[in-house]
Amino acid sequence: MPAPSAAPPAGPAAAAPPASPGRARPWPRPPHCLPAARLQEPPENARVTVAGLVILRQRPGTAKGVIFVTLEDETGVVNVIVWRKIYEAFRRAVISGRLLRVTGRLQRAHSVTHVIAETVEDISPMLDLLLAEQGRQGDPAFADGSELS
């Protein structure tokens, strides 16, 4: 299983694509993560990377080994389809990851958007950053206790 990269690569390959006519801003391409709220921007079959907390794993008996994973980020949810071959390659991440980064192809069907997983990374250790004191200072999402008095 590949280790989570500490930082995205520098250089032209890491630059965001230019904005298309009619688009307010470009959508981030791998290795940058696309927020759930912006999944409607890339075209069908675009390669994207998403990340989020695992809120649901399903492996229906009728799905022939396919696993459905639902991730949630701060902007919404992402439906991920993990085919059997990908599951076998990234089994530990798919089964035990609490925070995942998934790269794959965007698929739209019946007004539902899915990411067809190509790689799955368990980035659960990044959850510890939420508890780090330096990550909390000045962030209104974290209470400092003064409002309780």
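Is E118 buried, partly exposed or exposed? E118 has a relative accessible area of 27%, and because buried means under 20% and exposed means over 50%, E118 counts as partly exposed. Please keep in mind that this is a predicted model.

First, the overall layout. The chain has 149 residues, and 34% of them are buried. There are 4 helices and 5 strands. Starting at the N terminus, the order of elements is β-β-β-α-α-β-β-α-α.

Now the strands. β4 and β5 run antiparallel and are joined by 10 bridges. In that pairing, R105 stands opposite I116 in β5. β4 is also joined to β1, again antiparallel, through 7 bridges. There, A51 stands opposite R101 in β4.

Next, the turn between β4 and β5. β4 covers 99-109 and β5 covers 112-122, and H110 is found in the loop between them. S111 is in the loop between β4 and β5 as well. The hairpin has 2 residues between the strands. What is the phi of H110? For H110 the angle is near 55°, a positive value in a residue other than glycine. S111 also has a positive phi, near 60°, and is likewise not a glycine. Both residues count as exposed: H110 has 76% relative accessibility, and S111 has 81%.

Back to E118 and its charged partners. How many salt bridges does a search of the whole structure find? The search gives 4. One of them pairs E118 with R47, where the closest N and O atoms are 2.8 Å apart. This pair links distant parts of the chain, since E118 is in strand β5 and R47 is in strand β1, 71 residues apart. R47 is partly exposed, at 34% relative accessibility.

The side chains of R105 and E118 meet in a salt bridge, 3.2 Å from N to O. Here R105 is in strand β4 and E118 in strand β5, and the two are 13 residues apart. R105 has a relative accessible area of 32%, so R105 is partly exposed. Taken together, R47, R105 and E118 are linked in a network of salt bridges.

There is also a salt bridge between E121 and R101, with the closest N and O atoms 3.1 Å apart. E121 is in strand β5 and R101 is in strand β4, 20 residues apart. Are these two buried or exposed? E121 is buried, with a relative accessible area of 12%. R101 is buried too, with a relative accessible area of 12%. Buried means under 20%, so 12% falls on that side of the cut-off.

A charged residue without a salt bridge comes next: D73. This residue lies in strand β2, residues 67-73. D73 is buried, and the nearest side chain of opposite charge, R38, is 10 Å away. What lies 2.8 Å from a polar atom of the side chain of D73? The backbone nitrogen of A36 does. The backbone nitrogen of T75 is also placed there, 2.7 Å from a polar atom of the D73 side chain. Leaving aside neighbours within four places in sequence, D73 is in contact with L34, P35, A36 and A51.

I55 is in strand β1, residues 47-58. At 46% relative accessibility I55 is partly exposed, because exposed requires over 50%. Which residues does I55 touch, not counting those up to four places away in sequence? They are T70, E72 and V77. I55 and V77 are 22 residues apart along the chain, and their C-alpha atoms are separated by 9.0 Å.

To recap, E118 is joined with R47 and R105 in a salt-bridge network, E121 pairs with R101, and D73 is buried with no salt bridge.

Methods. Residues are numbered from 1 along each chain as its sequence is written. This is a predicted model: local features need pLDDT of at least 70, side-chain atom pairs count only at pLDDT 80 or more; totals for chains, interfaces and linings use all residues. Side-chain values use heavy atoms; hydrogens and water are left out. Buried means under 20% relative accessible area, exposed over 50%, partly exposed in between (1.4 Å probe, protein chains only). Lys and Arg count as positive and Asp and Glu as negative; His and the chain ends are not counted. A polar contact is a pair of N or O atoms within 3.5 Å; within protein, one must be able to donate a hydrogen and the other to accept it, and residues adjacent in sequence count only if both atoms are side-chain atoms. Contact means heavy atoms within 4.5 Å. Two strands pair if DSSP finds at least two bridges between them.
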